[in-house]
Amino acid sequence: MISTETSDGSSEEEYDRRRRAQWLAGEARADGVARRDMLRLLAAAGVAAGAATALPMTLGAPRAQAAAATATAAIVKPLPEDRFTIRGTNAETKFDALAQTGHLTPASHFFVRNHTATPRLDAKTWTLRIWGDGLRGGEREFTLADLIRLPSTSRTAFVECAGNGRSLFTTQQGQSASGTAWTLGAIGNAHWRGVRLSEVLRRAGVSRHAVDVMPSGLDADYVTDDGTNLGRVRRPLPLSKAMDDVILAYEMNGAPLPADHGYPVRVLVPAWVGIASIKWVGDIEVSSKPLFSPWNTQFYRLFGETYPPEGSAPLTHQTLKSAFELPWNASVDAATTHHLTGRSWSATGAITRVDISTDEGATWHRARLKDTPHRATWTRWTTPWHPRTPGPTTLLARATDTTGRTQPETTVHNTQGYLFDAVVRHAVTVV
Ligand SMILES: Nc1nc2c(c(=O)[nH]1)N[C@H]1C(S)=C(S)[C@@H](COP(=O)(O)O)O[C@H]1N2
Ligand SMILES: [Mo]
């Protein structure tokens, strides 16, 4: 039944190639995906030009007016200035505000990424519809009470936007990148409880022909800045991943999910790009044909000079990063000992060491790790610093994980600024 393996990027590439070939043969669906995006993907398969006229037509979704919403209208919870930076319909956590929090990020401090706005849903009438030709029987509906009655599972994991750190492509590497100009605060780490997606799919009667699973959000259709309606926020997951460690979460840090984080139920795909963790999930299509959506074609692939024209395979795992719990351009007193704190995290392994430099990279020393490191969650660290010379300087933190990977000096550019993993040059002034 499980025919694909996606625990690493290369097999996702193979799977993606197969998806594209099937689309060409009329055996895959791409509702709401722009025709030019499909053509670009197919050009990579080397067959698009001749086949173009025979391609199954994708109906472009009707154009609509892009809503100029801002976070104050799009987000329900309070967004105090000392904790959040507003970026359009999104709120970025200030990393220095995390110093007041423990290993888990309280909802009061957790970043919010909303394509449109938080919908107000009623858990009493909410249902999850599982449908599609990848089921043995007909569609099935689950109420929240149904899900809560099933065996539960829980896990600590971060949710991090693929574009976290995007602005550093510009400030540190002099490159442009489209999308929300996050610094490093598009991440939060929580304890999630829910039911395994595999459990629900089995009960819904997933067939041996199923290949893709596509959860879709109950928030409004997403309309791009140029007025194109891309439909509901949704992104296909290969069945192999859906049957692995994905959770339908109804609790965050021991309480019902807050409205902004997906109430009453969100998908939680540990360690993967945040977009995989669909909030306010209302239905899940189980398909015997590969699926495409704008979120695995025009977004969430790597495009740019060093990538093929159709982009990389769809992004899966997040990467490796570190951040100081200090404001940007913080003033620090000279001639006293500071206990610098920060966090490092990796999607593919546990953090094994974090090296700190307070002299712009000339010398490095190891920070003390304050948590037992695990994959897909962060590890807090601390290091003493006794600055002597007043003036501007730069702090560096460089993490290494159990796969042997260390944060590089620069990140290879991609036009949408995903997966920044380079060592961040954190500016401070010693006064
Ligand atoms: N329905 C829906 N799900 C969504 C989104 C959205 O706008 N709508 N944004 C995605 C993105 S891009 C990210 S990074 C995460 C953010 O989760 P959070 O807002 O709980 O921090 O949710 C994902 N799930
Ligand atoms: Mo995201």
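Taken over C-alpha atoms, the centres of domain 1 and domain 2 are 28 Å apart. Domain 1 covers 65–296 and domain 2 covers 320–430, with bounds from an automatic or database domain assignment. This is a predicted model, where local features need pLDDT of at least 70, side-chain atom pairs count only at pLDDT 80 or more, and totals for chains, interfaces and linings use all residues. Residues are numbered from 1 along each chain as its sequence is written, and side-chain values use heavy atoms, with hydrogens and water left out.

Now the interface. Contact, meaning heavy atoms within 4.5 Å, involves 33 residues of domain 1 and 33 residues of domain 2. About 2,700 Å² is buried between the two domains, 60% of it from carbon and sulfur atoms; buried area is the accessible area (1.4 Å probe) that two parts lose on being put together, summed over both. On the domain 1 side, F95, H103 and F169 lose the most area to domain 2, together 22% of what that side buries.

Which residue forms a salt bridge with K321? E160 does, with the closest N and O atoms 2.8 Å apart. The rule here is a side-chain nitrogen of Lys or Arg within 4 Å of a carboxyl oxygen of Asp or Glu, and across the interface of domain 1 and domain 2 it finds one such bridge.

Last, an open sheet of five strands, ordered β14-β21-β20-β16-β17 with mixed pairing. Strands are DSSP E runs of at least two residues, numbered from the N terminus, and two of them pair if DSSP finds at least two bridges between them. β14 (330–332) and β17 (365–366) are at the edges with a single partner strand each, so one side of each has no neighbour in the sheet.

Notes:
Chains are lettered from A and ligands numbered from 1 in the order in which they are written. Helices (H or I, at least four residues) and strands (E, at least two) are DSSP runs, numbered from the N terminus.
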